[in-house]
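Here is a short tour of a protein model, meant to be read with the structure open beside you.

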Amino acid sequence: MKELDYGMIGRRIRHARKLKGWSQETLAAKCGICLSFMGHIERGTRNMSLDTFANICDALDTGADELLWGIPEPRDFTVPANWEGAGVQKADSYVMYAKIMKSVADIMGGA
């Protein structure tokens, strides 16, 4: 099973944030977390929830694979045709969660 390197994940988040020209405070606000916690995430000294990780990916418009593993282009996923018809507000949220879950499956050795 692959081990997550939270320090590397944090450095990738910091890099993506700086490419956008954002401060930690700006990214933290967009993700609904406090500035102190964002600093811990970027230093890899605290773990984040899956929801927080998804919010960071969404705010930075970056794939989970890129932040977790440094893979610049995430794997393609197809949004099921009935996803929007089921009353889901955004098909994009399905794509983001599908990417994250695929990355988690890869970590667990299930892919």
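## The whole chain

Of the 111 residues in this protein, 34% count as buried, where buried means under 20% relative accessible area, exposed means over 50%, and partly exposed is in between (1.4 Å probe, protein chains only). Please keep in mind that this is a predicted model, in which local features need pLDDT of at least 70 and side-chain atom pairs count only at pLDDT 80 or more, while totals for chains, interfaces and linings use all residues. Residues are numbered from 1 along each chain as its sequence is written, and side-chain values use heavy atoms, with hydrogens and water left out.

The protein has six helices and zero strands, giving the pattern α-α-α-α-α-α along the sequence. Helices (H or I, at least four residues) and strands (E, at least two) are DSSP runs, numbered from the N terminus. The accessible surface comes to about 6,700 Å², and carbon and sulfur atoms hold 50% of that area; such areas come from the Shrake-Rupley method with a 1.4 Å probe, and for residues only the protein chains shown count as cover. Among contacts with a separation of 6 or more, 56% join residues 24 or more positions apart, a contact being heavy atoms within 4.5 Å.

## Helix H1 and its cover

Helix H1 runs over residues 6–19. Its 14 residues reach 20 Å from the first C-alpha to the last, close to the 20 Å expected at 1.5 Å a residue; the expected span is 1.5 Å times one less than the number of residues. At the start of H1, a side-chain oxygen of Asp5 comes to within 3.1 Å of the backbone nitrogen of Gly7. Just after the helix, Gly21 takes a positive phi of about 75°.

Which residues of H1 are buried? They are Gly7, Ile9, Gly10, Ile13, Ala16 and Arg17. Their cover includes helix H2 (24–31), helix H3 (35–43), helix H4 (50–60) and helix H5 (64–69).

## The nonpolar core

In soluble globular proteins, nonpolar side chains tend to be buried together. A nonpolar core here is a set of buried Ala, Val, Leu, Ile, Met, Phe, Trp, Tyr and Cys residues joined through side-chain atoms within 4.5 Å. The largest one has 22 residues, and Ile13, Met48, Phe53 and Ile56 touch the most other members. The elements giving two or more residues to this core are H1, H2, H3, H4, H5 and helix H6 (91–108). Its largest share, six residues, comes from H4.

The buried residues of H4 are Thr52, Phe53, Ala54, Ile56, Cys57, Ala59 and Leu60. Leaving out residues up to four places away in sequence, Ile56 touches Ile13, Cys31, Met38, Ile41, Met48 and Leu67.

Phe37 is found in helix H3 and is buried at 11% relative accessibility. Beyond its neighbours within four places in sequence, Phe37 is in contact with Arg46, Asn47, Met48 and Thr52. Phe37 and Met48 are eleven residues apart in sequence, with their C-alpha atoms 8.8 Å apart in space.

Thr52 lies in helix H4 and is buried too, with a relative accessible area of 10%. With residues up to four places away left out, Thr52 touches Ile33, Phe37 and Ile41.

## After H4

H4 is followed by Asp61, whose phi is positive, near 55°. Thr62 then sits in the loop between H4 and H5. Is Thr62 buried or exposed? Thr62 is buried, with a relative accessible area of 8%. Its side chain reaches the backbone oxygen of Leu60 at 3.0 Å. Not counting residues up to four places away in sequence, Thr62 touches Ala16, Cys57, Leu67 and Met96.

## The cysteines

How many disulfides does the structure hold? It holds zero, with a disulfide taken as a pair of cysteine sulfur atoms within 2.5 Å. Cys31 is in no disulfide, and the nearest cysteine sulfur, that of Cys57, is 9.1 Å away. Cys31 is buried at 6% relative accessibility, and Cys57 is buried at 0%.

Definitions and conventions: A polar contact is a pair of N or O atoms within 3.5 Å; within protein, one must be able to donate a hydrogen and the other to accept it, and residues adjacent in sequence count only if both atoms are side-chain atoms.
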